[in-house]
Amino acid sequence: MRIIDLLKASAIELGVSVASKDEAIDKLISLHSGAGNLADVEKYKEAILAREAQGSTAIGEGIAVPHAKSDSVRVPALSAITVPNGVDYQAPDGKPSDILFMIAAPLDGDLHLEILSRLMVMLMEPEFCADLRNAKTTEEFLSIIDKKESEKYPDEPKQTEVKTGYRILAVTACPTGIAHTYMAAEALEKAGEKMGYPVKAETNGSGGAKNVLTKKEIAECDGIIIAADKNVEMGRFDGKPVIKTSVSNGINKPEELIQKIIDGKGAVYHADSSEVSAADDDEKESFGHKLYKHLMNGVSHMLPFVVGGGVLIALGFLIDTIAGNADVGGTFGFTNNIAAVVFWIGKAAFAFMLPILAAYIAQSIADRPGLLPGFVGGLFAANGYTFNAFFENKDLVGDGSAVSGFLGALLAGFLAGIIVELLKKAFSWLPKSMDGIKPVFIYPLFGTLIMGVIMCLINPVIGVLNTALSNGLASLGETSRLLLSVILAAMMAIDMGGPFNKAAYVFGTAAIADGNTWIMAAVMIGGMVPPIAIALSTTFNKKKWNSEELKSGPVNYLMGLCFITEGAIPYAAADPLRVIPSCMVGSAVAGLVTSLFNVACPAPHGGIFTFIVCDNPLGYIVALVAGSVAGALMLALLKKNRTEKA
């Protein structure tokens, strides 16, 4: 079937004047209706508008091809108009559209897609488009199309049965699931339309999976494109050709990826983990990129707990300050009854942060069987569980000196994923009949047991490190007040809740009892700087961060002011080799200034809400500003620009 078989003279109008995109759509639909192509005009218009809501169907260079599949279409058909003055159809190149074809397609076939492919190939030739624009009659318009089609396809094959459904499927996902996820999906779908190969893209965004691929679609498609910087559910693609690549390639190279599927270059994916997974021929996935995807899967799931919990804790401090309790010491933030409710709800949310981080790193490596071992590993890291603590207390009571914190949770996440992957290989000899029980019983059971034992062995080592750090700090304090302030402040930024941070904080709180409140001033300012430095960087140096980091950045102003160092953890986890040193420099500068200005702080926490009870609060503010600016400048120097990465 040829293009002119679908395009009747009665469905063509030349030299049309339309003032808007909506008028152009109405005109094209009316031509379809007049040619008898539609059974229900309004229903078809709804389908057209629904497609346009997903993104303009304008191709650029003056061409637009609105289209829709609907059960209101009687037969596959085209309508066409030329608009000498052009109409704003929201084309990607910003140019007005003056040649518009509308495709009406029934639900039960895709013969029209071959016609669309031919039409798009022909429309890529400027001379052909110029001839269409200059056509004086509908007959001449059809003749130009017929002549070009005959040149392009001289040996017209007999009509054959055309495969129904989507030819190509895609899954897009970036670590944060916001901008790049949807940009890649739109780019692939538009490229598919342009090339004549319908693409359906599933988006694994922050609000969950949308436009989910069905079993029938997967079974009938020619291949799948995975454009993702985090792991997606792959078992459903067993036996299908798959190309795996980055989300940035989905945005920038959609035609190339689609062509590889059409050319049969996608490697057949096997769900068995022992099989080699498919990868884009142009971009073999490096070890570092794999680590990045696993890490970001944990960070993206952890982020809501950090933000939500941190803001609630800050509100507790604010309410207690308003109530006049800024100088109560250890119960600041929850002395007032209302403050206590808000504060402890926030603390409860915050308590999930490290287990969530570890669990979803493990899940990214080992899929769902990794979740439980990861949760347990993160919980053990957060609470400092050890064998001695279990033997002595016969209860789930951790050792405060053995808390491994953020770094321990990172390690636990990767270890849990690796353990489960090893268990999959170890139990691969079991019969097929056991496949259903392995992921829900065997892997979580043994993985959790092994993970718990390993963390109980690791955490005492952290305890020894904590003790050594405290002893070293104590001896240092006798010789140099200035140097001690710098070191303590920098330690608060090393692991943001881990052993170094805890050692510095414990040393500072213990010093309060001895009357050395200047030590707590350095400790608190060191913990306040990292989130604020990051917030400053996301505000004034946006090119260093991705869209989700920029969106969450302003919250870190509040977290830093409230002495919630953990607000910086998602940023440090995503780029530890640059973010952590930058924060350490900023905190060290702040600690130095507190010592030079003889700042003292009698409160063990509360951040800026306790400045009122500090000695030399103005000096404390100067220290905070100096350290935060220094940290932001270091981030500007060390971090690379983020141009394509999600």
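**Notes on the model**

1. Helices (H or I, at least four residues) and strands (E, at least two) are DSSP runs, numbered from the N terminus.

2. Please keep in mind that this is a predicted model, where local features need pLDDT of at least 70, side-chain atom pairs count only at pLDDT 80 or more, and totals for chains, interfaces and linings use all residues. Residues are numbered from 1 along each chain as its sequence is written, and side-chain values use heavy atoms, with hydrogens and water left out.

3. On confidence, the chain has a mean pLDDT (the predictor's confidence in each residue, from 0 to 100) of 83, with 89% of its residues at 70 or more. Over residues 157-164 the pLDDT stays under 50, and the model gives them 13 contacts (heavy atoms within 4.5 Å) beyond four places in sequence. Residues 273-283 also have pLDDT below 50, with 22 contacts in the model beyond near neighbours in sequence.

4. For the overall picture, the chain holds 25 helices and 12 strands. Of its 646 residues, 53% count as buried, meaning under 20% relative accessible area, while exposed means over 50% and partly exposed lies in between (1.4 Å probe, protein chains only). Among contacts with a separation of 6 or more, 72% come from residues 24 or more positions apart.

5. Back to α3, residues 41-54: its end C-alpha atoms are 20 Å apart, which agrees with the 20 Å that its 14 residues should span at 1.5 Å a residue. That expected span is 1.5 Å times one less than the number of residues.

6. Which residues of α3 are buried? They are Y44, A47, I48, R51 and E52. Down the helix axis these fall within an arc of 135 degrees, so they line one face of α3; the arc is taken from the directions from the axis to the C-beta atoms. On the face turned away from that buried side sit the exposed residues E42, E46 and A53.

7. At the start of α3, a side-chain oxygen of D40 comes to within 3.2 Å of the backbone nitrogen of E42. At the start of α12, a side-chain oxygen of N336 reaches to within 2.9 Å of the backbone nitrogen of I338.

Conventions: A polar contact is a pair of N or O atoms within 3.5 Å; within protein, one must be able to donate a hydrogen and the other to accept it, and residues adjacent in sequence count only if both atoms are side-chain atoms.
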